Amino acid sequence: TDDPKPKSESMVGVTQKATGKAPILAPRTAYKEMDDDKLTQEATLRLLAAHENGYCTTEIPLPAGMDPVRGCIPPGSIESTPGCAMLLGLSPALFGWDSTAYMAGQFFESEDEASEVADILSSEYGQGGTNERFRTLMQGSTCVIGRANERTQRLYGALGLGNVAVGGSVGPIDCHIGGSVQSCDETSACIRFVKTKKGEFQLLALSEDDVVTLNGEKITPDMGTFTLSSEDVCTVGGRVFAFVLPDD
C-alpha cells in the first residue's frame with residue numbers, strides 16, 4: 001500500500017475549508033481616507049460613549065465571580081446616580097492638620113520656594129480646597145484608587161477628553177484622587193465589596209511605597225485586607241477621606 005500522506009499535508013484541506021468560512025475584515029474606506037486628527041476625533045467620540053454607558057476595565061485581579069464595572073462617578077453627576085458607597089473628602093480641621101503650622105517647621109531655600117509650597121498646600125488643604133471638595137461614588141464591587149501619572153493625563157488630554165476629573169476613572173484607575181505629582185502610584189489602594197463575618201467592604205494597600213492609612217494607622221500590602229465601616233477615615237497618597245455607606 002501507498003504510504004499515508006504526511007499529517008501536515010492532510011490538514012491542508014481542513015484548513016482551507018475553515019478559512020474559507022471566516023469573515024473578511026476589510027478596512028473601512030471612510031477611516032482609510034481620514035487624517036490623524038480626524039481619526040483621533042472619531043476615537044474620542046467612542047471613548048466618551050463608553051464612559052456614558054458605564055464601561056470600565058481594570059488590570060487589578062478581581063475575586064472570583066466579580067465583573068469589572070464602572071468604578072466611580074466624580075462630583076457633578078452624583079445626585080441622581082445610584083451607588084454602593086461614597087468617598088467623602090474631609091476638611092483638614094477635622095483631622096487636626098494645619099498647613100501654617102506645618103510650614104513653620106520646614107526649611108526652604110528661598111522665599112519663592114516657600115511661597116510656592118504655601119500656594120500648593122492652600123489649594124489642596126485650605127478652606128474649600130481640593131481635599132475638602134473631594135467626593136466620589138463607588139458604583140461597582142471594586143474601586144482601585146490612585147493618582148493618574150503625567151503620561152496618562154497627557155494621553156487622556158490628547159484624545160480630546162480634557163482633564164482627568166478628580167474622583168473619576170481613567171486607565172487602570174477607578175478613582176483618580178489628584179494631588180501633587182508623585183504623591184502616590186496609579187494603583188495605590190483598593191476597596192472591594194467582599195462579604196465577611198466582620199463586614200462587607202475591604203480596604204487593601206497595593207503599593208509598598210505609598211502612604212495608605214485606616215483611622216490613622218498605616219497599612220501595607222503584606223498586611224492583607226482591613227474591613228471598612230461607615231465613617232472610617234482613610235488616607236491614600238495626599239487625599240484624606242471618609243468611607244460612607246448609605247443609611248439603612
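Predicted model: local features only at pLDDT ≥ 70, side-chain atom pairs only at ≥ 80, totals over all residues.
Let me start with Phe193, which is partly exposed, with a relative accessible area of 29%; here buried means under 20% relative accessible area, exposed over 50%, and partly exposed in between, with a 1.4 Å probe and protein chains only. Residues are numbered from 1 along each chain as its sequence is written, and side-chain values use heavy atoms, with hydrogens and water left out.

Back to the aromatic rings. Rings of Phe, Tyr and Trp, the last by its six-membered ring, are called a pair if their centres lie within 6.5 Å, and planes under 30 degrees apart count as stacked, over 60 as edge-to-face and the rest as tilted. By this rule there are three aromatic pairs. One of them is formed by Phe134 and Phe241, and it is tilted, with 6.0 Å from centre to centre and 50° between the planes. This pair links distant parts of the chain, since Phe134 is in the loop between helix 7 (130-133) and strand 3 (135-138), while Phe241 is in strand 12 (residues 239-244), 107 residues apart; helices (H or I, at least four residues) and strands (E, at least two) are DSSP runs, numbered from the N terminus. Phe134 and Phe241 are both buried. The rings of Phe193 and Phe201 have centres 5.2 Å apart and planes at 65°, so that pair is edge-to-face. In contrast to the partly exposed Phe193, Phe201 counts as buried, at 4% relative accessibility. Phe193, Phe201 and Phe243 together form one aromatic cluster.

Phe134 has a further neighbour to mention: the charged end of Arg239 sits over its ring, 5.8 Å from the centre, where the rule asks for NZ of Lys or CZ of Arg within 6 Å of the ring centre and within 35 degrees of the ring normal.

Five strands form an open sheet in the order 5-4-6-7-10, with mixed pairing, and two strands are said to pair if DSSP finds at least two bridges between them. The edge strands are strand 5 (175-176) and strand 10 (226-228), each of which pairs on one side only. Strand 4 (residues 142-146) runs parallel to strand 5 and is joined to it by two bridges, with Gly146 standing opposite His176. With strand 6, strand 4 pairs in the antiparallel sense over four bridges, and there the bridge partner of Cys143 is Ile191. From strand 4 the chain crosses through helix 8 (residues 150-158) to strand 5, and this β-α-β crossover is right-handed, in the sense that, with the strands pointing away from the viewer, the path from the first strand over the helix to the second runs clockwise.

How buried is strand 4? Five of its five residues are buried, so strand 4 is largely enclosed by the rest of the structure. In a regular strand the side chains alternate between the two faces of the sheet. In strand 4 both faces are covered, with Thr142, Val144 and Gly146 buried on one side and Cys143 and Ile145 on the other.

Which residues touch the most other members of the largest nonpolar core? They are Leu87, Ile145, Ile191, Leu203 and Leu228, out of 22 residues, a nonpolar core being a set of buried Ala, Val, Leu, Ile, Met, Phe, Trp, Tyr and Cys residues joined through side-chain atoms within 4.5 Å. Strand 7 gives the most to this core, with three residues. Leaving aside its neighbours within four places in sequence, Leu228 is in contact (heavy atoms within 4.5 Å) with Ile191, Phe201, Gln202, Leu203, Leu214, Cys234 and Phe243. Apart from this core lies another, of six residues, among them Ala148, Tyr156, Val170 and Ile173.

Finally, the loops. Most residues other than glycine have a negative phi. Gln182, in the loop between strand 5 and strand 6, has a positive phi, near 65°, and is exposed at 75% relative accessibility. Glu231, in the loop between strand 10 and strand 11, likewise has a positive phi, of about 80°, and is exposed, with a relative accessible area of 63%.
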